[in-house]
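Work through the exercises below with the sequence and the model side by side. Try each task before reading its solution.

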Amino acid sequence: GKYVDDIVSLNRNDKSIGFYGTGFGAILGMKDPYPTLDELICNDWTGVIRGAKSLRHYAYHDLYDCTSIYEGARYMFHTMERFEDILLFANRTTLYKTTEMECALYELNGEKVFVLVNFTQTPTITLDQLSGTWYHFRHNSTITGPTFQLKPIQVLVGTSQVRDADMPTYQEISALVEKLEYERTHNGNLLFGRSRDLSVI
């Protein structure tokens with residue numbers, strides 16, 4: 001996020017500032033080298049709420065190897081498409097920013113959108129600017145402010161108008177990732193079968 005801050009502060013309106021989130025599992029020996037769906041979404045929103053207006057993932061072939069990266073990227077690209085006018089033209093105000101949590105409020109032509117990103121703990125936060133009822137983006141529910149209880153690596157997106165019509169919900173995407181990852185990790189060996197013993201001489 002700080003890298004985006006530094007570029008945004010230059011006030012270069014002739015440039016489209018982007019965010020290049022890393023999803024590359026290059027660290028060998030790690031049990032879980034890839035970001036989860038929640039980690040990818042949280043990471044992407046971190047750049048966006050700092051002022052990024054474009055999004056791309058550095059994933060190399062991992063984009064195709066890892067379901068959470070592939071479906072997470074699709075989830076975020078479709079989300080950004082729905083918020084294109086907001087991200088490009090709305091007035092963005094940072095309501096809260098610490099090393100553990102950030103919140104930005106977007107306002108455009110009477111419409112409001114807020115994004116609340118929690119990085120680490122499970123805090124309760126009260127933001128008086130977010131009182132009232134909001135549509136919970138991609139969750140088929142509503143959010144009532146101004147007090148919010150968040151889980152670690154959670155992103156809360158509230159809109160004053162419905163912006164997710166006909167979009168798959170977060171729960172549907174999460175279930176799809178779990179299903180596809182289970183299938184991938186429980187396939188037989190495509191070359192030899194699961195039970196084939198090999199002797200190397």
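Accessible areas are computed by the Shrake-Rupley method with a 1.4 Å probe, and for residues only the protein chains shown count as cover. The model is predicted, so local features need pLDDT of at least 70 and side-chain atom pairs count only at pLDDT 80 or more, while totals for chains, interfaces and linings use all residues. Residues are numbered from 1 along each chain as its sequence is written, and side-chain values use heavy atoms, with hydrogens and water left out.

**Exercise 1. Describe the chain as a whole: its elements, its surface and its contacts.**

Step 1. Helices (H or I, at least four residues) and strands (E, at least two) are DSSP runs, numbered from the N terminus. The chain has six helices and ten strands.

Step 2. The exposed surface comes to about 12,300 Å², and carbon and sulfur atoms supply 51% of it.

Step 3. A residue is buried under 20% relative accessible area, exposed over 50% and partly exposed in between (1.4 Å probe, protein chains only). Of the 201 residues in the chain, 39% are buried.

Step 4. A contact means heavy atoms within 4.5 Å. Among contacts between residues at least 6 apart in sequence, 62% join residues at least 24 apart.

**Exercise 2. Find the largest nonpolar core and the elements that build it.**

Step 1. A nonpolar core is a set of buried Ala, Val, Leu, Ile, Met, Phe, Trp, Tyr and Cys residues joined through side-chain atoms within 4.5 Å. The largest one has 36 residues, and Trp45 and Tyr106 have the most contacts inside it.

Step 2. Two or more residues each come from helices H2 (37-48), H4 (67-82), H5 (84-89) and H6 (170-185), and from strands S4 (101-108), S5 (111-118) and S10 (154-159). H2 gives the largest share, six residues.

Step 3. Now look at Trp45. Leaving out residues up to four places away in sequence, Trp45 touches Met76, Thr79, Met80, Phe83, Val115, Val117, Val155 and Val157.

Step 4. A second, separate core has 14 residues, among them Leu95, Leu127, Phe148 and Leu150.

**Exercise 3. Work out how H2, H4 and H6 are oriented to one another.**

Step 1. Axes are lines fitted to C-alpha atoms, for helices over the stretch in contact, and angles run from 0 to 180 degrees between N-to-C directions. Angles under 35 degrees count as roughly parallel, over 145 as roughly antiparallel, 65 to 115 as roughly perpendicular and the rest as oblique.

Step 2. The axes of H4 and H6 come within 9 Å and cross at roughly 155°. H4 is therefore roughly antiparallel to H6. On the H4 side the contact uses Thr67, Ser68, Glu71 and Tyr75, and on the H6 side Tyr170, Ile173, Leu176, Val177, Leu180 and Glu181.

Step 3. The axes of H2 and H6 come within 11 Å and cross at roughly 130°, so the two helices are oblique to each other. Leu37, Asp38 and Ile41 of H2 make this contact with Tyr170, Ile173, Ser174 and Val177 of H6.

Step 4. H2 and H4 pack at an angle of about 35°, with their axes 9 Å apart. The residues of H2 that meet H4 include Leu40, Asp44 and Trp45, and those of H4 include Gly72, Ala73 and Met76.

**Exercise 4. Which residues have a positive phi although they are not glycine, and which peptide bond is cis?**

Step 1. Most residues other than glycine have a negative phi, and most peptide bonds are trans.

Step 2. Asparagine 109 has a positive phi of about 50° and sits in the loop between S4 and S5. Its relative accessibility is 77%, so asparagine 109 counts as exposed.

Step 3. Isoleucine 153 has a positive phi of about 60° and is in the loop between S9 and S10. Because its relative accessibility is 26%, isoleucine 153 counts as partly exposed.

Step 4. The peptide bond from glycine 145 to proline 146 is cis, with omega near 10°. Proline 146 lies in the loop between strand S8 (141-145) and S9.

**Exercise 5. Which residues does glutamine 171 touch, leaving out those up to four places away in sequence?**

Step 1. Glutamine 171 is in helix H6. With a relative accessible area of 42%, glutamine 171 is partly exposed.

Step 2. The residues touched are Arg138 and His139. Histidine 139 is 32 residues from glutamine 171 along the chain, and their C-alpha atoms are separated by 7.2 Å.
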